Amino acid sequence: MGSDRVLRQSLERPATTYNGFVMLLVGLGLIVLGAVGALNAPVHPWGIVLLIVAGVALLLVACGFYLLQPNQAAAILLFGDYRGTDRTTGLRWNWPWLTKSKISVRIHNITSERLKVNDLRGNPIEIASNVVWRVADTAQALFDVDDYKAFVMVQIESAVRAIGSRYPYDDFTHEEMTLRGNADVVSEELRVELQERVASAGVQVDECRLTHLAYAQEIAQAMLRRQQAEAVIAARQKLVEGAVSMVETALAQLSEKNVVELDDERRAAMVSNLMVVLCSERDTQPVVNAGSLYQ
């Protein structure tokens with residue numbers, strides 16, 4: 001009983017079909033035979049038999065034709081039993097009691113809706129993705145899921161939510177992977193994640209790209225101010241690091257060239273003045289000191 005409840009996975013295999021143009025010639029031959037039988041029916045009994053046989057055979061031949069366009073396939077079934085898939089384009093023929101379920105194996109392009117997701121730090125963000133996919137296994141797409149297109153749409157939404165909550169939106173310290181700063185890496189991980197989810201439906205995901213990424217409207221202004229503040233702090237940190245390096249270089253060169261002898265107090269005063277000049281946001285105004293450093 002337990003094994004009966006397990007989903008039996010389908011697997012595409014080639015079907016035995018026939019060239020439709022050859023069968024078209026066969027149909028024309030049956031028409032000729034039927035015409036011969038009709039002409040001889042009033043005179044010879046075999047003419048009636050030939051007419052009936054040719055008519056029935058022509059009906060069977062005529063009901064077996066079907067067309068396949070490029071990048072289109074047809075799953076062949078015999079009373080519900082899967083007999084294989086025909087991917088040969090053009091005019092095809094098979095026995096009339098075999099049903100044909102056509103399916104497109106062309107490339108599909110889907111852009112998901114904008115989803116509101118909490119990122120790794122709990123900030124609500126809006127995210128959307130464009131997915132390029134196609135049917136790779138027609139048997140799985142037709143028989144292992146109820147509606148493979150609806151299945152793919154649901155899995156796209158699920159994968160985008162999973163990836164969106166796996167990383168923070170941004171990081172000014174550049175110490176971790178983010179959705180905004182590592183879009184290519186995140187897109188590739190989204191493709192792998194989605195491929196694992198839709199493999200059971202016989203679908204191949206060729207490409208994924210984030211098409212929309214932004215903070216949710218309710219925190220957009222607050223996060224913008226936070227980004228600006230973090231940017232100012234980062235800029236000032238770089239400015240201070242550069243100023244300290246320049247002051248160290250200036251003091252070292254003054255000492256090496258014996259330009260001036262500085263005691264601890266004069267050195268502290270010079271460091272203070274240089275730091276003010278280098279770190280100030282406004283132009284500094286020179287002050288002429290007519291006295292000594294201690295007056």
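Where is Ser187 found? Ser187 sits in helix 5, and here helices (H or I, at least four residues) and strands (E, at least two) are DSSP runs, numbered from the N terminus. Before we go on, note that this is a predicted model, in which local features need pLDDT of at least 70 and side-chain atom pairs count only at pLDDT 80 or more, while totals for chains, interfaces and linings use all residues. Residues are numbered from 1 along each chain as its sequence is written, and side-chain values use heavy atoms, with hydrogens and water left out.

Back to Ser187. With a relative accessible area of 2%, Ser187 is buried; buried means under 20% relative accessible area, exposed means over 50%, and partly exposed is in between (1.4 Å probe, protein chains only). Leaving aside residues up to four places away in sequence, Ser187 touches Cys208, Arg209 and Leu210, where contact means heavy atoms within 4.5 Å.

The axes of helix 4 (residues 148-164) and helix 5 (residues 183-198) come within 9 Å and cross at roughly 135°. Those axes are lines fitted to C-alpha atoms, for helices over the stretch in contact, and the angles run from 0 to 180 degrees between N-to-C directions. Helix 4 and helix 5 are therefore oblique to each other: angles under 35 degrees count as roughly parallel, over 145 as roughly antiparallel, 65 to 115 as roughly perpendicular, and the rest as oblique. The crossing of helix 4 and helix 5 is right-handed, that is, the near helix is turned clockwise from the far one by less than a right angle.

Which residues of the two helices make the contact? On the helix 4 side they include Phe151, Val152 and Ile156, and on the helix 5 side they include Val186, Leu190 and Leu194. Sorted by type, the residues of this contact are 11 nonpolar, 2 polar and 3 charged. Ala, Val, Leu, Ile, Met, Phe, Trp, Tyr, Cys and Pro count as nonpolar, Asp, Glu, Lys and Arg as charged, and the others, Gly among them, as polar.

Strand 3 (residues 72-78) pairs with strand 4 over 5 bridges in the antiparallel sense, and Ala74 stands opposite Asp86 in strand 4.

Two loop residues are worth a stop here. Asn71, in the loop between strand 2 and strand 3, has a positive phi of about 60° although it is not a glycine, and at 49% relative accessibility Asn71 counts as partly exposed. Phe79, in the loop between strand 3 and strand 4, also isn't a glycine, yet has a positive phi of about 50°. At 73% relative accessibility, Phe79 counts as exposed.

Finally, another open sheet of 3 strands has the order 1-5-2, again with antiparallel pairing. Its edge strands are strand 1 (18-19) and strand 2 (65-68), each pairing on one side only. Strand 1 is joined to strand 5 (residues 90-93) by 2 bridges, and strand 2 is joined to strand 5 by 4 bridges. In strand 5, Trp93 stands opposite Tyr18, Arg92 stands opposite Asn19, and Arg92 is the bridge partner of Tyr66.

Key. Two strands pair if DSSP finds at least two bridges between them.
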